[in-house]
Amino acid sequence: MNFLHMTENNFSLKKIEISVSEAEKRTGRNAMNMQETYTAYLIETRSVEHNDGQSVLTDSLWRRYSEFELLRNYLLVYYPHIVVPPLPEKRAEFVWHKLSADNMDPDFVERRRIGLENFLLRVASHPMLCRDKIFYLFLTQEGNWKETVNETGFQLKADSRLKALNATFRVKNPDKRFIELKHYSDELQSVISHLLRVRARVADRLYGVYKVHGNYGRVFSEWSAIEKEMGDGLQSAGHHMDVYASSIDDILEDEEHYADQLKEYLFYAEALRAVCRKHELMQYDLEMAAQDLASKKQQCEELATGTVRTFSLKGMTTKLFGQETPEQREARIKMLEEQIKEGEQQLKSKNLEGREFVRNAWADIERFKEQKNHDLKEALISYAVMQISMCKKGIQVWTNAKECFSKM
């Protein structure tokens, strides 16, 4: 896939093709100096220069899944208003009983390779994420890339889960649009989860139905051995049944790719909620800043007029130890006025920041919705076409068997 990307020095745009072409099982030492087995993925990039349109040599480097996770965590922090594409699952979920849940299983590793390539292409096709320098270096700089990411200090900027949870329950004026979006993401996750469970149950039963046809093949073959006139017809019919029974393995393997497309949007639901949580945090900070400013204005007014409208520790101290001198009161009023001026600037800044976040977030959410509607429509149509094809093959098998029986 071609996409426009900023070069490292940000002076020009160039087209790059990306692929995750291989997966390789490796053994090494982890941070605890313990031996571990992991999978590395080969990322290949090929630049197409603007001047002559000719492809240049392909660059390649190896990345672990954990490095993909580090890249995505960085993008979540630096682009909180964007629905950041999800990674494929680390361990298999919603599997039917004949499918391995081992994350080192070759079939699973292959599907994850495809998912990781899809993640990179999603980021590369995004109008803002594709221009990020860390993403560019992820594709082009094998050594010291982790150090470069950590030097951005993104971990320090990440919002804590406790803080986000606190904001969710204490925010007083949440944006209804984000509440609805959060509910939608919950419902989307629930619907796709149910769909994947149903698909896994159907796959289990389908596998059994197909394999039972192998028994037809065995019985027809045994029967053919004792018949003279009917032997050839029975033997041929048995062969068709054996072929039909053995075809289910490839069919269900192909189905897993459609299931993975659904899983991507299952994980996109969490990406939507991440945008909602960030907005709640910003709204909560705004409300706290407004509350703090109102409190300081009230304190300033009480000092200026000499009236106390609410209970305060300072009021009790004044009653116990006497009134402040005029000079002390003036000093406190002056300090509060400076704090009020600073608080008003902060509140104005947070308001502007919040409005900009909402504007950018909704623009990206609309982009995501168009992408989602297109992708899920195509996936469901392709799945239906596959089921129709599978049923036609079943009809053809029995049609062939009928012809075998007719020739007996």
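**Close-up views of a predicted model**

**Figure 1. The whole chain at a glance.** Eleven helices and four strands make up the protein, shown here as a predicted model. Its chain has 408 residues, and 40% of them count as buried. Among contacts with a separation of 6 or more, 72% are between residues 24 or more positions apart. The accessible surface is about 24,000 Å², and carbon and sulfur atoms account for 53% of that area.

**Figure 2. The largest nonpolar core and another core apart from it.** The largest nonpolar core has 33 residues, and Ile-18, Ile-43, Leu-71 and Leu-120 have the most contacts inside it. Two or more residues each come from the strands β2 (13-29) and β3 (35-48), and likewise from the helices α1 (65-78), α2 (106-125), α3 (133-140) and α4 (145-151). Helix α2 gives the most to this core, with seven residues. Apart from it lies another core, of 23 residues, which includes Leu-196, Ala-259, Val-358 and Ala-361.

Figure 3. The ring centres of Tyr-74 and Phe-154 are 6.1 Å apart and the planes meet at 85 degrees, so the pair is edge-to-face. Tyr-74 belongs to helix α1 and Phe-154 to helix α5 (residues 154-157), so the pair ties together parts that are 80 residues apart in sequence. Both Tyr-74 and Phe-154 are buried.

**Figure 4. An aromatic cluster, and two arginines over rings.** Here is a group to trace from ring to ring: Phe-68, Phe-119, Phe-138 and Trp-145 are linked into a cluster by ring pairs. The ring of Phe-138 also has the charged end of Arg-63 over it, 4.8 Å from the ring centre. Arg-64, in turn, lies over the face of Tyr-38, at 3.8 Å from the centre of that ring.

**Figure 5. Arg-111, a buried arginine in α2.** Helix α2 holds Arg-111, so please look for this residue on the inside: its relative accessibility is 5%, and Arg-111 therefore counts as buried. The side chain of Arg-111 makes a polar contact of 3.4 Å with the side chain of Asp-260. Glu-89 is 22 residues away along the chain, and the C-alpha atoms of Arg-111 and Glu-89 are separated by 9.7 Å.

**Figure 6. Glu-264, a buried glutamate in α9.** Glu-264 has its place in helix α9 (residues 248-305). With a relative accessibility of 11%, Glu-264 counts as buried. Its side chain makes a polar contact with the side chain of Asn-118, at 2.9 Å. Leaving aside neighbours within four places in sequence, Glu-264 is in contact with Pro-86, Asn-118 and Arg-122.

**Figure 7. Asn-144, a loop residue with a positive phi.** We finish in the loop between α3 and α4, where Asn-144 lies. Most residues other than glycine have a negative phi. Asn-144 is not a glycine, yet its phi is positive, at about 65 degrees. This residue counts as exposed, with a relative accessibility of 55%.

Key:
Residues are numbered from 1 along each chain as its sequence is written. This is a predicted model: local features need pLDDT of at least 70, side-chain atom pairs count only at pLDDT 80 or more; totals for chains, interfaces and linings use all residues. Side-chain values use heavy atoms; hydrogens and water are left out. Buried means under 20% relative accessible area, exposed over 50%, partly exposed in between (1.4 Å probe, protein chains only). Contact means heavy atoms within 4.5 Å. Accessible areas come from the Shrake-Rupley method with a 1.4 Å probe; for residues, only the protein chains shown count as cover. A nonpolar core is a set of buried Ala, Val, Leu, Ile, Met, Phe, Trp, Tyr and Cys residues joined through side-chain atoms within 4.5 Å. Rings of Phe, Tyr and Trp (its six-membered ring) pair if their centres lie within 6.5 Å; planes under 30 degrees apart count as stacked, over 60 as edge-to-face and the rest as tilted. A charge sits over a ring if NZ of Lys or CZ of Arg is within 6 Å of the ring centre and within 35 degrees of the ring normal. A polar contact is a pair of N or O atoms within 3.5 Å; within protein, one must be able to donate a hydrogen and the other to accept it, and residues adjacent in sequence count only if both atoms are side-chain atoms.
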